[in-house]
Amino acid sequence: MNMFLATFFDINIMMQALPLLLKGAVTTLKLCAVVIICGLFGGLMLALRALSPRGWLRWGSVIYIDLFRAIPPLVLLIFVYSGLPFAGLELAPFSAVVIAFFMNNSAYFAEVFRAGINAVPKGQTEAARATGLSPTQTMIHVVLPPAIRNVLPDLLSNTVEVVKLTSLASVVSLSELLYSANMARSVTYNASPLVLAALLYLAVLWPLVRIISRYQRGLAVK
Amino acid sequence: MSQHRAMLEIHALEKRFGQTEVLKNIDLKVREGELVFVIGPSGSGKSTMLRCCNRLEEPTSGAIMIDGARITDIPRRDLDKMRLKVGMVFQGFHLYPHMTVLKNVMLAQVKALGRSKAEAEARALDMLDQVGLKHKADARPSELSGGQQQRVAIARAVALDPKVMLFDEPTSALDPELVGSVLNVMKDLRQKGMTMLVVSHEMAFAREAADRVVFMDGGYVVEQGPPEEVFGNPKSERLKAFLSRVSGTAAA
Ligand SMILES: Nc1ncnc2c1ncn2[C@@H]1O[C@H](COP(=O)(O)OP(=O)(O)O)[C@@H](O)[C@H]1O
Ligand SMILES: [Mg+2]
């Protein structure tokens, strides 16, 4: 029992590793912020294009969404970081991660937005257009608010996925939370920093997961 | 009312969906301040005709004039301005569920007509008062009965000062006890001089309030005239058959 505690829950080692891990956590949060904000915006644009009547815009977006939902994000990341240099394009780890995960994540957000927009009855759009609102005004004031409300749990779930996804960035030596914890482990010859990292992920994600399942139960009741 | 000019004119209107020809050759005139009532079997093209009048559907050929201006050949970018002149009320109300009743009536006033918020709010409250729902201004549509929702939808359309109001079966989705309140609002509107084209099955309302009844079948206007004429002395076999089929509901 003591041995178990000393290996996984050594408080002294955890305290020692904490500054390094917090620095890593800050990088993780920055990464999440950029990927989520760009992903939300890009996803919304893609969804609007995918739903537009114009042929080539529509097909371009539909193909993008399918493609980047199907390619494993780790494959994408390693390709962007280690593959693109062969074409003369060398990216810093942070940029490579942002680009790879943006591609993956905007496709997921687009799919969520598309489902939300499709679920708004067509009569809403017609009523709005019949009062002289333009297509853009109709989208902004009439369609998007209920569409986003409908898919809020899915948007939040996707956000949780992004936070988890960023731990993959450790493979390109970006010193985010997991990478920092693994560094601390190798320096201290002790697994406690990894446990600490898991606890930090948990501290951020658990409340989110709770909110989502509560929201989904709320929707189910209604 | 025959001295009044035509507010809505439909000439040789034709509409096809792919191979199906839904409107074959429609001619119809609604004069200023007139209430024209449209009846006809389901699938005869009544909704499609109304929807051509604000170009929610694109006519295949023919011409439609609103207040003397031809709306069938204006470019797409001018559609929104044209639609301000044509109010439309749908069977399913289609209020915006995420906004209060007041905001529902204000939205297009501000965004499409360019009224100030204060002006739009004053007008919205006035319109809600006219349909007897001022006390519901801060409610959400989901808190209203169907009849109340439909009255808000009418207020939303009329607040834009349209030249013509189109009604597509405005009471068909309502419980019978709620129909009267909506019809009263429509009678009120007619009294105030609104030009109205109404598709409905409320024959009693047509007898009472319509200047003219138009019978559509198979994509044509088959017969039209004053209500007592059309209901009391139908000429075509198709109208006779239609009336005898719906007489059960007409008596109700
Ligand atoms: N968007 C559409 N595409 C194809 N067919 C349609 C469409 N809208 C209406 N129709 C067809 O046009 C005919 C007339 O429909 P409608 O105008 O709704 O009739 P009504 O309102 O008199 O019941 C119907 O047969 C219907 O199936
Ligand atoms: Mg219809």
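Helices (H or I, at least four residues) and strands (E, at least two) are DSSP runs, numbered from the N terminus. Ala17(A) sits in such a run, helix H2 (residues 11-50) of chain A. The model is predicted: local features need pLDDT of at least 70, side-chain atom pairs count only at pLDDT 80 or more, and totals for chains, interfaces and linings use all residues. Residues are numbered from 1 along each chain as its sequence is written, chains are lettered from A and ligands numbered from 1 in the order in which they are written, and side-chain values use heavy atoms, with hydrogens and water left out.

Stay with Ala17(A). Its relative accessibility is 6%, so Ala17(A) counts as buried. Buried means under 20% relative accessible area, exposed over 50%, and partly exposed in between (1.4 Å probe, protein chains only). Contact means heavy atoms within 4.5 Å. Beyond its neighbours within four places in sequence, Ala17(A) is in contact with Ala184(A) and Pro193(A). From Ala17(A) to Leu29(A) is 12 residues in sequence and 18 Å in space, C-alpha to C-alpha.

Now turn to chain B. It has 9 helices and 10 strands. Its radius of gyration is 18 Å, close to the 18 Å that the globule rule gives for 252 residues, so chain B is as compact as a globular protein of that length. The radius is taken over C-alpha atoms, and the globule rule is 2.2 Å times the number of residues to the power 0.38. Along the principal axes, the C-alpha atoms of chain B fill a box of roughly 55 × 45 × 40 Å. Of its 252 residues, 55% count as buried. Among contacts in chain B with a separation of 6 or more, 67% join residues 24 or more positions apart. Chain B exposes about 10,800 Å², and carbon and sulfur atoms supply 47% of it. Accessible areas come from the Shrake-Rupley method with a 1.4 Å probe; for residues, only the protein chains shown count as cover.

Next, the ligand. Which residues are around ligand 1? They are Phe17(B), Val22(B), Pro41(B), Ser42(B), Gly43(B), Ser44(B), Gly45(B), Lys46(B), Ser47(B) and Thr48(B). A residue is near a molecule or strand if one of its heavy atoms lies within 4 Å of it. By class, this shell has 3 nonpolar, 6 polar and 1 charged residues. Ala, Val, Leu, Ile, Met, Phe, Trp, Tyr, Cys and Pro count as nonpolar, Asp, Glu, Lys and Arg as charged, and the others, Gly among them, as polar. Helix H1 (residues 46-53) of chain B gives the largest share of the shell, 3 residues.

The backbone also reaches ligand 1. A backbone N or O atom of Gly43(B) lies 2.7 Å from an oxygen atom of the ligand. For a polar backbone atom of Ser44(B), the distance to a ligand oxygen atom is 3.2 Å. For a backbone N or O atom of Gly45(B), it is 3.0 Å. Taken alone, ligand 1 exposes 560 Å², and the protein buries 56% of that. A polar contact is a pair of N or O atoms within 3.5 Å; within protein, one must be able to donate a hydrogen and the other to accept it, and residues adjacent in sequence count only if both atoms are side-chain atoms.

Asn104(B) lies in helix H3 (residues 101-111). Its relative accessible area is 0%, so Asn104(B) is buried. A polar atom of its side chain lies 2.7 Å from the backbone nitrogen of Tyr96(B). Arg238(B), in helix H9 (residues 237-251), is partly exposed at 42% relative accessible area. Not counting residues up to four places away in sequence, Arg238(B) touches Phe215(B), Asp217(B) and Val222(B).
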